[in-house]
Every structure is written in C-alpha cells, then in structure tokens.
Amino acid sequence: MTHFFEIVYLVVAVSLIHTFDSIEAARNNKFVTCGTVLKLLNVDYRVRLHSHDVKYGTGSGQQSVTATEVQEDVNSHWSVMAATGKFCERGQPIKCGDTIRLHHLSTNKNLHSHHFQSPLSGNQEISAYGDDKGIGDSGDHWLVVCSGDSWLRDTPVKLRHVDTDAYLSISGRTFGRPINGQFEVIGISNPYSGTDWTAAEGLFIHPTEGESGEPRHTEL
C-alpha cells in the first residue's frame, strides 16, 4: 500500500511540475501567437477594443464594436486566428505582415469592416460579423503592421483592413445609451492618430507539442 501511495505522489508531482513549467513558459513568451486570447489596448486613448450583442442603428446594422476604459470586462477578449480558410500552428508567433482574424469570444463574431459610415464621426464603420459558427468573409481580414520579424507583446502594432486599406483607430467620440461612455472605433486612411494598439491582458499561447514531438496543427 505504501508503494502505491508513493507512485500516486510521484504522478501528481510530475503533473504539477509540468503545469507550472507550462505557465512559466507562457509568461516568458514575448510573442503574440496563433491562438492567443488577448485584450487590445489603444496606445493613445488607453481604451480596450470591445464588442457586445448590440447592433448599430445606422450603417450596416451589424454588431457594434466599441472601446472601453474598463479593464476587467470579459467582452474585450479577442482570439488571434488565421485568415478564413487558412491554417496556423497553435503557439506560432504572428509575423509582421501576416493576415489574421480577431475573433470575439463572447459573441462568436469577427472584427470586420466595409464601406459603411461610422455612426458618430462619419468615418469607416468597424463591426463584428460572422455566422453561428464564427465564419465570415474577407472583410474579417487584418494585416499586422509592425517593425521587425514578429508581433511582440510589449510593442505597438497597427492593424490595416485588407479589403479597404483602412487602419483600426478611435475617433475620440463616445456613445450614449445603451452603451454609454464607450468610444467609437473606426477605420481611417491616415496611419497615425489613434492607430497604435498593444497587447494588454490575455492568455498568450506557448508552442505545444503533440505525442509525435511535432507542434500541434490547429485549424482556425
């Protein structure tokens, strides 16, 4: 019986060590990677990219995308995914120049844009779009604009909409009810004011290995 408990103890100890090692590796991972779940912080306005099940009353009528000063809101979580129909390895660093999707976890929609006017400032509208399975179209594709090789967690990037060449930005205007105080998110052609975003809070996926020793391949 004593031998049995020794074996159980060793199994639990090894499992805990593996878990702590994985957590520490994720903390030390300096890259934004495929599968990462994060909050995007606008550098100039200090607000986080946000969405919710509230539709625009004008323009496309699609799900609205805003920005919030509230740090803890779960509706600010976005998952970094490959472009529609493409693949990326879970934990693979996102390269500067990669085309990605940002998938809103709470509502299963993708960050989207198109040639509709935004409701407050008349710039390009940013919405959240996709079917019940989270599948949208090319309007969900964003190019990661940064210097160097890869998107670093502590370095601002710009996100340029592939279909329209507009940069994800903030107008500085805020909504009234039912999303009182939240900031208007827009697309603009000028890549300067309000277009820098950095990875704030999140779960930054570390490369994982399958039983074969090869990185796991995830369809996104």
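Reply: Leu168 is in contact (heavy atoms within 4.5 Å) with Leu49, Leu111, Ile126, Trp142, Leu159, Val185, Ile186, Gly194, Thr195 and Trp197, leaving aside neighbours within four places in sequence. This is a predicted model: local features need pLDDT of at least 70, side-chain atom pairs count only at pLDDT 80 or more, and totals for chains, interfaces and linings use all residues. Residues are numbered from 1 along each chain as its sequence is written, and side-chain values use heavy atoms, with hydrogens and water left out.

Me: What is the mean pLDDT of the protein chain?
Reply: The mean is 85, and 81% of the residues reach 70 or more. pLDDT is the predictor's confidence in each residue, from 0 to 100. Over residues 3-26 it stays under 50, and the model has four contacts beyond four places in sequence for them. Residues 209-220 also stay under 50, with 24 such contacts.

Me: Why does His141 count as buried?
Reply: Buried means under 20% relative accessible area, exposed over 50%, partly exposed in between (1.4 Å probe, protein chains only). His141 has 12% relative accessibility, so it counts as buried. Its contacts beyond four places in sequence include Ile100, Arg101 and His161.

Me: Where does His141 lie?
Reply: His141 lies in the loop between strand S8 (124-129) and strand S9 (142-145). Helices (H or I, at least four residues) and strands (E, at least two) are DSSP runs, numbered from the N terminus.

Me: What makes Cys34 and Cys88 a disulfide?
Reply: A disulfide is a pair of cysteine sulfur atoms within 2.5 Å. Cys34 and Cys88 are 1.9 Å apart, S to S. The torsion about their S-S bond is about 60°, so the disulfide is right-handed. Cys34 lies in the loop between helix H1 (2-28) and strand S1 (37-42), and Cys88 in strand S5 (residues 87-89), so the pair ties together parts 54 residues apart in sequence. Both cysteines are buried.

Me: How many disulfides does this rule give?
Reply: Two. Cys96 and Cys146 form one of them, with sulfur atoms 2.0 Å apart. This link is left-handed, at -115° about the S-S bond.

Me: Why is Cys146 called partly exposed?
Reply: Its relative accessible area is 23%, so Cys146 is partly exposed.

Me: Which residues have the most contacts inside the largest nonpolar core?
Reply: Leu49, Val65, Ile100, Leu111 and Leu168, in a core of 33 residues. Strand S4 (residues 78-82) gives the most to this core, with three residues. A nonpolar core is a set of buried Ala, Val, Leu, Ile, Met, Phe, Trp, Tyr and Cys residues joined through side-chain atoms within 4.5 Å.
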